[in-house]
Amino acid sequence: MAQETLVKYSALSNCESYFERIQSTKKLPKPLQETLNHAFSRIPVSSFPGVPGGKVIEIPADTTIANAVKILSECKILSAPVTNPNAREDMSWRDRYLGIVDYSAIILWVLESAEIAAAVLSAGSATAVGVGAGAVGAIGAMALGATGPVAVAGIAAAAVGAAVAGGVAVDKGIGKDAPTAADCLGGDFYKVLLQEEPFKSTTVELILKSYRWVPFLPVTQNNSMLCILLLLSKYRLRNVPVIESGKPGLKNYITQSAIVQGLERCRGRDWFDCIAARPISDLGLPFMSCHDVISIQSEELILEAFKKMRDNHIGGLPVVEGPRKRIVGNISIRDVRYLLLTPELFSNFRKLTVMDFIKIVATLPEDVGRLAPPITCKLESTLGSVINSLASKSVHRIYVVAGDEELVGVITLRDVISCFIFEPPNYIINHFGFSAEEMLNESQL
């Protein structure tokens, strides 16, 4: 109980310290900040533009992990609400929606499954740790499905691949002849992956039960945009579902990206131009300095890049070179789709460096996609130019550089949103009927 209380306190404490730092470094006149807050509090959520296509993409809880990854990739989205396939239309949202699934949760599950397999293989025998050879193969399929997480977890990827593809028991010493077996897999492994358990039948519901990092917290259409902005900034939600009281289905799904794009459309209005013309330093940006930014060297394995994103719960990181961290690329969590959905990348995944990965993806057909190049700005850049870059390029972060593209800091969507608002006293409990602590605790259930 003491540890659980500590975790809950830590979540709120992190939110409070982040937002307090922002408010203390902003050099905006108080009357202007109060005017902005008042304006946002008068704008109803119903006035915010809907999602592209007019319909929120939802994933039933009984969807397999494989199909969920495909849906997210094909729709070019990072997350989606998960529905209860057994729910009736007359049920409340608490019964109809089970949570939100995203790439991060899927990758975390994949990597931790690989760590279990690593423990099995390092013991030299499946029975030594109470796991049968069939289970090792099953876990291995899921682990190798993310291609690099296996190596990141310290497991012999080849050994797991051999166990999956050939049904070889751990007790027969798969570690000894694994490289040969794995090298023969090639593109065929992709087919094996989709046919073997548990990848074939494991459902999204398992991910939700194990990795609820953020609460599924919908707002109604008559809530204010100030509420949305606070949830997406101070309280670290990446998306906020919108419901209409008494009716089934989601009416909207507001993301951090959508908010920043909305701010960009406000260009030309006095209140926006007043703030947008200020240099980012006037707003205390970047909040995260060079020493705080998680980065990856270009010669490191691409698998290590995704592990860093998993371990730090972040959606992307800069690719740098040398001790002065000169930026040469950018990797996001969404880029893992190239490993999950492109069989050609499987053949050399154990030796694939970050720069190799970037070069290979650059050669793929345009309909497959492209890696987003690093978007940068200078310390003297204005907030308006930063917002324009984030919105027009549809990226989640912009790197602050100096000199020869040397990393100085990073500005995220969350940081930009936080520049425009502050939280009135007792705002959360007044609008939701429960405290901020209770809201954040939902992610620990």
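Let me start with a term: buried means under 20% relative accessible area, exposed means over 50%, and partly exposed is in between, with a 1.4 Å probe and protein chains only. Now the ground rules. This is a predicted model, where local features need pLDDT of at least 70, side-chain atom pairs count only at pLDDT 80 or more, and totals for chains, interfaces and linings use all residues. Residues are numbered from 1 along each chain as its sequence is written, and side-chain values use heavy atoms, with hydrogens and water left out.

The overall picture next. The protein chain has 21 helices and 13 strands. Those are DSSP runs, numbered from the N terminus: helices are H or I with at least four residues, strands are E with at least two. Of the 445 residues in the chain, 51% are buried. The accessible surface is about 20000 Å², and carbon and sulfur atoms hold 52% of that. Areas come from the Shrake-Rupley method with a 1.4 Å probe; for residues, only the protein chains shown count as cover.

Contacts. A contact means heavy atoms within 4.5 Å. Take the chain's contacts with a separation of 6 or more: 68% of them link residues 24 or more positions apart.

On to the cores. A nonpolar core is a set of buried Ala, Val, Leu, Ile, Met, Phe, Trp, Tyr and Cys residues joined through side-chain atoms within 4.5 Å. The largest one has 57 residues. Val219, Ile228, Leu231, Ile259, Ile411, Val416 and Phe420 have the most contacts inside it. Helix α12, residues 225-232, gives the most to this core, with 8 residues. Look at Ile228. Leaving out residues up to four places away in sequence, Ile228 touches Val45, Val219, Val240, Ile254 and Ile259. Apart from that core lies another, of 35 residues, including Ala80, Val204, Leu317 and Leu352. As background, nonpolar side chains in soluble globular proteins tend to be buried together.

Now helix α3, residues 65-74. Which of its residues are buried? Ile65, Ala66, Ala68, Val69, Leu72 and Ser73. Seen down the axis of α3, they fall within an arc of 165 degrees, so they line one face of the helix. That arc is taken from the directions from the helix axis to the C-beta atoms. At the N-terminal end, Thr64 is the cap: a side-chain oxygen lies 3.2 Å from the backbone nitrogen of Asn67. Just after α3, Lys76 has a positive phi of about 55 degrees.

Arg236 has phi near 65 degrees. Arg236 sits in the loop between α12 and β5 (239-243), and is partly exposed at 43% relative accessible area. Ser394 has phi near 55 degrees. Ser394 sits in the loop between α18 (383-393) and β12 (397-402), and is exposed at 53%.

The bond joins Leu285 and Pro286, with omega about -5 degrees. Pro286 is in the loop between α14 (270-276) and β7 (288-289).

Not counting residues up to four places away in sequence, Gln33 touches Gln23, Lys26, Leu28 and Phe422.

Last, the cysteines. How many disulfides are there? With a disulfide taken as a pair of cysteine sulfur atoms within 2.5 Å, the count is 0. Cys290 is buried at 18% relative accessibility. Cys419 is buried too, at 1%.

Conventions. A polar contact is a pair of N or O atoms within 3.5 Å; within protein, one must be able to donate a hydrogen and the other to accept it, and residues adjacent in sequence count only if both atoms are side-chain atoms.
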